[in-house]
Structure formats: structure tokens, C-alpha cells
Amino acid sequence: MTWEMLVGASVLAATLRLATPIALAALGGTMSERSGVVNIALEGSMLVGCFFGVVVADRSHNIWLALAAALLAGLLLAALHAYASITLRADQIVSGMALNILALGLTTYLDYEMYGTTGTPSDLVAVPDLHLTFLNGIPYVGTAIGDQNWIVWVGLLLVAALQVFLFRTVLGLRWRAVGEHPRAAETVGVNVRRMRYAAVLASGALAALGGAYLSLGVAHSFTDGMTGGRGFIGLAAMIFGRWTPVGALGASLIFGYGNALSTSLQGATVGGVRLPVQLLGTLPYILTILAVAGFVGRSRAPAADGLPYETEGHA
Amino acid sequence: MTQLQQPATTGPGTESPAPSVGQLTFQWAAGPAIPVLSVAIALVIGAVFVLLSGNDPVAAYSALVQGAFGTPYDITETLVSAIPLVLTGLAVAVAFRTGLFNIGAQGQLLVGALAAGWAGAQFATLPGFLLMPIVILLGITGGAFYGGIVGLLKALRGVNEVITTIMLNYTIVFVMHWLLQAGPMTAQNAFGTPASTPIGAGARLPVIIPNELVLFSRLHAGIFLAALAVVVFWFLLWRTPLGYQLRAVGLGARAAAQAGIDPALHMVLVMAIAGGFAGLGGMIEVSGVFGRVYDGFSSSYGFDAIAVALLGKNSPLGIVFAALLFGAFVHGGAYMQSHAGISSNLVAIIQAFVLFVIAAETLVRSLTRRRHGRKPVEAIA
């Protein structure tokens with residue numbers, strides 16, 4: 001084991017790369033749960049984003065259309081969740097589980113129907129990397145952040161923007177009020193239902209951007225189930241980050257770092273003993289359980305999170 | 001104490017308590033309208049997908065049925081697929097009855113499989129009458145331990161079981177990678193898929209259909225364990241004081257506490273029991289089907305279990321029927337793909353809509369029946 005394996009520039013670059021899809025899903029989760037709707041269908045939104053981004057990239061050869069399709073697909077899946085959980089007041093966990101199964105089944109089904117066993121075409125248009133040439137000469141930094149994908153930077157911008165939005169704007173205050181005490185929010189004239197719809201739709205689009213990053217930014221292809229549970233890690237990052245965008249990013253970076261280490265430490269030994277790198281994968285989940293249990297800091301959900309809301313007098 | 005509220009889905013209390021087997025059958029027969037309707041709607045939606053992708057839905061569904069029940073061999077294979085679904089379905093249902101949403105049947109099943117696979121290989125030389133009970137016991141204990149963690153965290157720290165179970169499902173996947181790829185359970189000469197050392201002959205559940213009857217049938221004695229588990233589920237919940245207390249907590253934790261039943265204690269107990277059912281399911285897969293633990297084996301039995309429990313209305317016979325239906329989907333889907341050329345993932349789409357309709361339906365019904373009734377499964381945290 002060497003320092004290079006632990007904190008080398010390429011490890012940091014990988015951390016940022018791996019953290020980005022998690023952070024985007026976590027941002028989606030944060031926006032949704034801050035308004036009081038639990039959305040565990042983030043994984044599904046991500047996956048349909050992956051797939052439909054690739055399909056439209058293949059058909060149109062236009063990356064903007066492909067991105068739009070990815071976001072729209074994630075948004076539509078989220079719309080189903082919003083309809084079930086806000087309008088029908090269905091159980092949000094069951095609805096979310098159903099949509100995750102649907103997303104996996106649908107994308108795998110269509111992948112088989114459209115591309116058979118040969119896989120998606122290899123000449124897909126992709127989201128390019130942003131080459132920061134002025135960093136070229138600078139050691140370390142140049143390698144770490146000089147060639148990241150555009151979506152990485154967009155994701156970082158979104159973190160900052162949504163942090164300001166939620167905690168420094170009037171609309172953000174209302175957004176959070178709906179998640180903490182919807183009745184009080186409604187009393188002062190906030191439309192709870194509309195706010196929650198907006199939140200769930202936004203969460204689907206954010207998660208789908210993470211999906212588009214995976215398929216159009218990194219892999220340049222689609223493989224069945226390629227999100228591999230990143231939507232769920234995103235939920236963990238949201239909780240570990242205490243339901244704030246900046247916290248979610250921090251948590252995602254920690255999880256991404258663990259992920260990067262499990263690659264860079266592959267085969268590494270300490271005193272002749274091979275490191276169980278696979279166990280690093282458990283890090284996000286165990287940290288999150290400890291955080292929720294109050295052993296590592298304190299993590300509290302919005303008060304009305306997961307509770308359907310009914311306008312007074314509707315009954 | 002909002003966190004003790006029961007889930008609003010087909011949770012506990014949707015039917016009157018303490019029925020006999022006969023009553024249960026009757027109840028399910030009298031009230032399967034919603035499950036049947038949800039399956040019907042899902043099948044119609046599935047047919048639309050088949051049509052849109054330029055295939056013939058009639059051909060698809062007849063291939064599905066043909067694949068699931070066409071030959072005696074297929075029927076036994078459908079049963080093989082249904083067995084773990086029964087066990088994981090029970091794991092979800094028993095928790096539902098106590099007001100908890102156990103998304104963790106998948107992880108509990110894997111821990112049970114790992115524990116059983118370890119014991120089966122470790123004591124491989126023991127004779128069957130000694131080894132089999134050890135393997136069964138370890139499978140159940142492994143799952144119970146993993147489920148018990150969830151109950152403990154809920155009882156002691158108020159942690160929502162939905163979060164814990166999701167996190168633990170993924171945790172065990174990585175622990176399994178380690179154990180089977182480069183850890184203590186990794187077999188010396190496992191080619192291809194990482195796997196554990198094969199279990200001893202005494203730990204194998206025998207195939208119960210002789211070759212003269214159905215050639216190469218894999219239907220194993222695990223079906224008896226599954227049947228026994230269904231009876232235990234029914235007896236425990238409706239014929240023992242503990243079961244009464246569990247259901248009382250499910251019907252209303254605060255009222256139960258008033259009556260001297262400790263909800264926290266019962267949450268720990270029920271999650272351990274739930275884990276035990278799922279762990280037994282994992283053990284059966286190892287002992288009856290694979291003979292060892294493969295990395296990434298049993299990809300989704302624990303998740304299908306949620307649909308099985310909800311579709312079966314958390315009742316013993318309902319779960320059996322739902323597991324058979326989903327078992328038929330699993331086995332028939334493969335045939336449909338190879339013979340009708342339609343991706344077996346159509347089955348996943350159908351399953352998703354079954355679940356979605358059930359989720360939406362219970363609320364539609366509760367809207368019409370009682371408007372200020374129950375709260376939903378509480379927030380994720």
C-alpha cells in the first residue's frame with residue numbers, strides 16, 4: 001500500500017467522478033423529502049434516465065435531445081410516484097418499490113427488444129469532458145479536476161444553487177415548511193399539493209441527470225441495471241448529509257472516496273495481508289445506519305416526511 | 001409516538017382477528033377481488049407493452065402459461081421458484097402484522113444462506129441427521145440475527161426500519177463479495193462465479209420426485225419446510241399469546257402498550273421472527289437447489305416478497321397463492337423469452353404494476369371508507 005493509492009490525484013479524480021451520480025440522486029432525495037414526500041424511486045428515475053438518454057442519443061445523434069429525454073423519462077417516472085403518493089395518498093414506500101421494479105423491468109425489456117444481445121451502438125453521442133487546459137501545468141490539481149465531465153460541474157453548481165434556494169429564498173422557506181408542517185404552510189397560503197408535485201418531479205429529473213451522467217457521460221452505452229443501487233446510496237447520502245444539498249455532497253464525496261479506494265487498493269497488502277477492499281462498499285450503508293441511530297452526529301428527517309396531506313375540509 | 005403507527009397499506013387489521021384456517025380460506029376467497037383485479041390490470045398493461053413493442057400479447061401470455069405449467073417438469077420448476085418466495089413472503093407479512101415494513105427480506109435471506117452454506121461446508125462430514133438440523137438452525141439464526149438488528153435499532157434508537165433494511169440489504173451484498181471472492185468462505189477452486197465450498201451430502205435437501213416420474217426434476221424437500229413454515233406462521237399469529245400480542249401491536253401500538261404489551265420488545269421479536277423465515281428461505285436455496293453459496297445468487301426473491309405479501313393480504317394461504325403466481329412468472333418468463341422471443345422482463349413490468357395498483361388501491365379504498373384513519377408508513381427516518 002502506498003500514499004499514491006490513498007490520496008493520489010487519480011484517486012481524488014475518481015472520487016469526484018464516483019460521487020457525482022450519488023450526489024445528484026441525493027439532491028433529488030433532499031428536494032423531495034424537504035417537501036414531505038419520500039421518494040425511493042430515485043433508483044428507478046436514474047435508470048430510465050440512463051436508458052432513454054442512450055436511446056435518444058442513438059436515434060437523434062443530438063446530445064441535447066438525449067439529455068432532455070433522459071430528464072423527461074426520470075421526471076415521468078417521478079410523476080407516477082407523485083400521483084400515487086400525493087393525489088392518491090398511497091403508501092410512498094410501496095409505490096417507490098413498485099416504480100423501481102418497473103424501471104428495471106421496462107429498461108431491460110426495451111433494451112432486449114431494441115438492441116437484442118449485441119448491446120447499444122458504440123458510436124453514441126456523449127456528454128464531453130471539460131478540459132481545463134489552464135490547469136495542465138499544475139501538478140495534482142490538473143489531474144484531479146482538469147478533465148472532469150461537464151455534468152460533474154453542473155452537479156456542483158446545482159448543489160450550491162439548491163442550497164441557496166432552500167435556505168436563503170422565500171420559496172425555499174415555503175418548500176421546507178410544507179415538509180415540516182403542511183397545515184401551517186397552507187394556512188398562510190402555500191399550495192401544499194402543488195409544491196409537493198414540483199418537488200417530486202424535480203427529484204426525478206435530478207436523479208435522471210445522475211443516470212444520464214452514467215450512460216452518456218461515463219459509459220457511453222447502456223447495460224441492464226447499470227445504476228447498481230446508486231439511487232439507494234443517494235438516499236443514504238441524503239440522510240447522512242442531514243437533508244441539505246451541501247451535506248448531501250459531502251456525504252457523496254465520502255462514499256465516492258470509499259468507492260475509489262476499493263478500486264485503487266485492489267490487491268494492496270498491509271504487512272502481507274490482503275486488504276478486504278470489498279468491505280469498503282459497506283461504508284455508506286453502515287455510516288448511514290449509525291447516523292440515523294444517532295451514533296454519528298444526529299440526522300433528523302423533515303417532520304411531515306412521508307405523510308400524505310389532506311386539505312382541511314376535504315373530508 | 002407516531003413512529004409506532006402501522007403502515008396504511010394492506011397492513012394488519014384489514015380483516016378480523018383470530019380466524020381458523022377455514023375462516024382464512026373463506027376470507028381470502030371472499031375478498032380476493034382486489035388482488036385478482038390488480039393482477040388483471042397489470043396483465044392488461046403488460047399486454048399493451050407487448051403490443052407497443054410489436055409482438056403478439058396472446059402469444060406472449062400463452063408462452064408464459066405454457067412455460068410455467070406446460071409439462072410436469074415445468075410445474076415442478078414453478079414450485080421450485082415459489083418456495084423461497086413463500087418464505088420471504090412470510091418474512092414480510094409477519095412484520096406487516098406487527099405494523100413494521102420489512103424491506104429487508106432480501107438481506108435476511110442472504111445471511112441465512114451464508115450461515116447455512118458455511119455450516120454445511122464446515123461440518124460436511126457429519127451424517128445428515130446431525131448436519132441437517134444444524135444447517136436449518138443456522139439458516140434461521142442467521143436471518144433472525146440480521147432481522148433482529150433492525151428491530152433493536154427501532155426499539156432502542158427509534159430508527160425507521162425502512163431505512164435500516166434498505167441499508168442492510170446492500171451491506172450484506174458487499175460482505176458477500178468479500179466472503180466469496182477473497183474471504184474466509186471462498187472456495188479453493190471455484191471457477192467463474194465466486195462461490196463457497198460445496199456443502200456436505202448430509203446438508204443437501206433431497207429431490208422428492210423420482211426420475212421415473214419427472215426426469216431431472218429439481219423439486220426438493222424444501223417444499224415441506226416451506227409448508228411447515230406457513231403452518232407455523234398461522235399458528236404463531238393466531239393460536240399463541242405471542243402472536244396475539246404481535247397483532248395487537250400491529251393494530252395499534254399505543255393501545256397495546258396500554259394493555260401491558262411492550263411494543264418495543266415485540267418489534268425486536270417480530271423482526272427476528274421475520275428474519276428467521278427469510279433465513280430459512282436462504283438455507284433452502286443453498287441446501288435444495290445450489291449446494292453452495294454463489295455470489296449474487298437469488299437476485300430478487302426478497303424484493304418480490306413485498307409484492308407476494310401484499311398480494312396475499314398477509315394471510316397464510318394468500319401468500320401461498322401469490323408465491324405460486326410469482327413462481328410461475330419467474331419460470332414461465334424464461335420459456336417465454338426463448339420460445340416467443342419476448343424478454344422475460346415483461347414479467348417484472350407486470351409485477352411492478354401489480355404492486356403499484358395494490359399501493360394505489362388500498363388508499364383509494366381507505367379514502368372511501370374512512371378518511372381520517374391511519375397514517376402511512378412513517379417517514380424514511
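Start with the polar contacts between chain A and chain B: four residue pairs, both members at pLDDT 80 or more. A polar contact is a pair of N or O atoms within 3.5 Å; within protein, one must be able to donate a hydrogen and the other to accept it, and residues adjacent in sequence count only if both atoms are side-chain atoms. This is a predicted model, where local features need pLDDT of at least 70, side-chain atom pairs count only at pLDDT 80 or more, and totals for chains, interfaces and linings use all residues. Residues are numbered from 1 along each chain as its sequence is written, chains are lettered from A and ligands numbered from 1 in the order written, and side-chain values use heavy atoms, without hydrogens and water.

Next, select the side of chain A that touches chain B. α4 (63-87), α5 (92-115), α11 (230-240) and α13 (283-292) of chain A each give two or more residues to it. Helices here are DSSP runs (H or I, at least four residues), numbered from the N terminus. α5(A) gives the largest share, 14 residues.

Now color by class. This side of chain A has 33 nonpolar, 11 polar and seven charged residues. Ala, Val, Leu, Ile, Met, Phe, Trp, Tyr, Cys and Pro count as nonpolar, Asp, Glu, Lys and Arg as charged, the others, Gly among them, as polar.

Zoom in on Ser95(A), in helix α5 of chain A. Ser95(A) is buried because its relative accessibility is 0% (buried means under 20% relative accessible area, 1.4 Å probe, protein chains only). Its side chain makes a polar contact with the side chain of His81(A), at 2.9 Å. Show the residues that Ser95(A) touches (heavy atoms within 4.5 Å): His81(A), Ala84(A), Phe356(B) and Ala359(B), leaving out residues up to four places away in sequence.

Technical notes:
Buried < 20%, exposed > 50% of the residue type's maximum accessible area, 1.4 Å probe, protein only.
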